Amino acid sequence: MKAQRGVALITVLLVVAIVTVICAGMIARQQLSIRGTGNQLQARQAWHYALGGEALAQTMLRRDLQTSEGTGQPAVDHLLEPWALPQPAYDLDEGQGQVQVRIEDLAGRFNLNSLVQEQQPNAAAIAQFRRLLQRLQITEPYAERLVDWIDSDQQPSGELGAEDNAYLLLDPPYRTAGRRLEDISELRLLLDMRDEDFQRLAPYVSVLPADTPLNVNTASAMVLSSLSDSLSPSAAESLVKARQAAPFRDTATFMAQPALGGVQLQGTNIAVTSQLFQAISEVRLGDRRLALVSRLRREDNGDVRVLQRNLGQPPRLPRPTNDGDR
């Protein structure tokens, strides 16, 4: 009888232990499910807040064009306009976080796609890109390699170029694109592209339609200095300071600046307006951080369309450090 009672007690203890293990597992799974649902909800909220920042950027660009049309003067885009000025961080409901919006003019950067126009190398753009690389103290022949990356033929650009035969020797092997760039991250695929070179170059370049002109009202001193061999960085700084006092109303006013005396811009397309912008909406919600990078196009009628959204690149690329950027 005592033996039976002992067996029964052991059986009860085993049942209690099994039930305890099962209950603990169920509670753990339930906690993981609740946490996963909470993360999904927070991610969805952050995404919609970022879309709100994008909508704000569209509104600011639309209003800027309407304001310019109301003055009766030709439209000009410059860094003293509301869209280009630093925006305050907007607090979310109940102190959950903040939304920060920044708008940048992509036409104020060197357009990498301008190196090849109508499947032909653009000598003026290639020379300008070489000067930009030199100003940034980048010695690798990325200009020639980028021309070969974009064009559709298989003829290397001189001894420094690289077509499919060079890339197929890599591990893993791949081919050149044979088309225009869609994102600056494609620069990382160039032969022997170093990360430090990419990070140094990224704030000064963009990927736009090949015929997009450079906005001299928003270009940094570094980019302006690449317009000519005779235009030194210090002279470009004086151009930036001049436009801070009065933005250039047209390209003739820009070319009439003393710093550009004797400078000839042959084959270089410049302007004082822009149509393509980049809006960065950075959301901090709880312990989550999300950065939405939107490429926007402002049409002549004021409509602002979203061309591209990107969540994959770093939220804040290195920005030009010289004081003449604004």
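The radius of gyration is taken over C-alpha atoms, and the globule rule is 2.2 Å times the number of residues to the power 0.38. By that rule, a compact globule of 326 residues would have a radius near 20 Å, but the protein chain has 28 Å. The C-alpha trace spans about 115 × 55 × 35 Å along its principal axes. The model is predicted: local features need pLDDT of at least 70, side-chain atom pairs count only at pLDDT 80 or more, and totals for chains, interfaces and linings use all residues. Residues are numbered from 1 along each chain as its sequence is written, and side-chain values use heavy atoms, with hydrogens and water left out.

The protein chain has eight helices and eleven strands. These are DSSP runs numbered from the N terminus (helices H or I, at least four residues; strands E, at least two). Buried residues make up 44% of the 326 residues. Buried means under 20% relative accessible area, exposed over 50%, and partly exposed in between (1.4 Å probe, protein chains only). Of the contacts with a separation of 6 or more, 63% join residues 24 or more positions apart. Contact here means heavy atoms within 4.5 Å.

Helix H1 covers residues 2-70 and holds Ile-10. Ile-10 counts as exposed because its relative accessibility is 51%. Ile-10, Leu-14, Ile-18, Ile-22 and Met-26 make a nonpolar surface patch of about 500 Å². Patches are made of residues with over 30% relative accessible area and no salt bridge; like charges are joined within 9 Å, and nonpolar side chains (Val, Leu, Ile, Met, Phe, Trp, Tyr) within 5 Å. A salt bridge is a side-chain nitrogen of Lys or Arg within 4 Å of a carboxyl oxygen of Asp or Glu. Accessible areas come from the Shrake-Rupley method with a 1.4 Å probe; for residues, only the protein chains shown count as cover.

Arg-298 lies in strand E10 (residues 288-298). At 4% relative accessibility, Arg-298 counts as buried. Beyond neighbours within four places in sequence, its contacts include Leu-61, Asp-64, Leu-65 and Asp-77. The Arg-298 side chain makes a polar contact with the side chain of Asp-64 at 2.9 Å. A polar contact is a pair of N or O atoms within 3.5 Å; within protein, one must be able to donate a hydrogen and the other to accept it, and residues adjacent in sequence count only if both atoms are side-chain atoms.

The peptide bond from Asp-171 to Pro-172 is cis, with omega near 5°. Pro-172 sits in the loop between helix H4 (164-167) and helix H5 (195-201).
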